[in-house]
Amino acid sequence: MAQAELDVIAAEVRACRRCKLYRGATQGVPGEGPAGAEIMFIGEGPGFHEDQQGRPFVGASGKFLEEMLAGIGLTREQVFIANVVKHRPPNNRDPEPDEIAACAGFLDRQIAAINPLLIVTLGRYSMRKFFPNASISAIHGQPKLVDGRPVVPMFHPAAALHQQSLRQTLLDDFKKLPRFVARARERREDIARGGTGLPPSANATASAATAPAPVPPPTDEPPAPPTQLSLF
Ligand code: URA
């Protein structure tokens, strides 16, 4: 059962000594939320307040995250909130590659246990787990399928607290979430019925892409760019 697996992971995180981070931390912060959450948010790592309380996103960033959730009719109790690293990096420094690698198994097991409809990454570190070479400025707010599940990269709430222009960007990206979740739910239901999970327009594009291409009449026009399959 998913909750039992999440409890096992949380206990392992609290006892974890796989990297150096535990040495400077008060306690591990496994993440929290219902095992059946439809949306999973993944941040970077615990900060001061998270380290004190053993809970994710309970400081200023968490307050802003809760405000944004409220703006789309959700509470934090309805979503799962986790981090890339589960112990606080000293002085809130960026997590290092060996620390992220040491913690990756916990996050992967949380994702597998919850099997959320949609993953939202908050900040560059969680984005890189799914899109290693992407620039967050280029891809924020755009869902892309990763292992069959939509992942939506977003800016970190802390960045938006420091930079006013990012605040509106993040709010705008959040507003799109209900539509993405509805589409992800339809997709999962369609796949359960044996469908492709793609919207009808994309199905038409996909079958057109596999059908033999008609030979175009000679023209001086440059060829049109390839059509991207639209998932949402
Ligand atoms: N920032 C994060 O990335 N995670 C938290 O849990 C808190 C702040």
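Helices (H or I, at least four residues) and strands (E, at least two) are DSSP runs, numbered from the N terminus. The model described here is a predicted one, in which local features need pLDDT of at least 70 and side-chain atom pairs count only at pLDDT 80 or more, while totals for chains, interfaces and linings use all residues. Residue numbers start from 1 along each chain as its sequence is written, and side-chain values use heavy atoms, with hydrogens and water left out.

The protein chain as a whole comes first. Its secondary structure comes to 11 helices and five strands. Of the 232 residues in the protein chain, 44% are buried; buried means under 20% relative accessible area, exposed means over 50%, and partly exposed lies in between (1.4 Å probe, protein chains only). The protein chain has an accessible surface of about 12,200 Å², and carbon and sulfur atoms account for 55% of it. Accessible areas come from the Shrake-Rupley method with a 1.4 Å probe, and for residues only the protein chains shown count as cover. A contact means heavy atoms within 4.5 Å. Among contacts in the protein chain between residues at least 6 apart in sequence, 71% join residues at least 24 apart.

Where does the ligand sit? It sits in the largest pocket. On a 1 Å grid over the protein atoms alone, a pocket is an open set of points with protein on both sides within 12 Å along at least five of seven lines, whereas a cavity is a set of points where a 1.4 Å probe fits but cannot get out; lining residues have an atom within 4 Å of a point. A molecule sits in a cavity or pocket if more than half of its atoms lie within 2 Å of its grid points. The residues around the ligand are G43, E44, G45, E50, P56, F57, N83 and H156, where a residue is near a molecule or strand if one of its heavy atoms lies within 4 Å of it.

A polar backbone atom of F57 is 3.0 Å from an oxygen atom of the ligand. For N83, a polar side-chain atom lies 2.8 Å from a nitrogen atom of the ligand. An N or O atom in the side chain of H156 is 2.8 Å from an oxygen atom of the ligand. Taken alone, the ligand exposes 240 Å², and the protein buries 92% of that.

H156 counts as buried because its relative accessible area is 16%. Its side chain also reaches the backbone nitrogen of A158 at 2.9 Å. Not counting residues up to four places away in sequence, H156 touches E44, F57, S61, L122, G123 and L170.

Two of those partners lead to other parts of the chain. S61 is found in helix α4 (residues 60-71), and S61 is buried because its relative accessible area is 15%. With residues up to four places away left out, S61 touches H156, P157, A158 and L161. E44 is found in the loop between β1 (39-43) and α3 (48-53). Is E44 buried or exposed? E44 counts as buried, because its relative accessibility is 19%. Leaving aside neighbours within four places in sequence, E44 is in contact with N83, V84, V85, D94, P95, L122, Y125 and H156.

E44 and N92 are 48 residues apart in sequence and 10.0 Å apart in space, C-alpha to C-alpha. N92 lies in the loop between β2 and α5, and N92 counts as partly exposed because its relative accessibility is 43%. Phi of N92 is near 60°, a positive value in a residue other than glycine. N91 is found in the loop between β2 (80-83) and α5 (97-114). N91 has a positive phi of about 50° although it is not a glycine. N91 is exposed, because its relative accessible area is 74%.

Definitions and conventions:
Polar contact = N/O pair within 3.5 Å; in protein donor to acceptor, adjacent residues only side chain to side chain.
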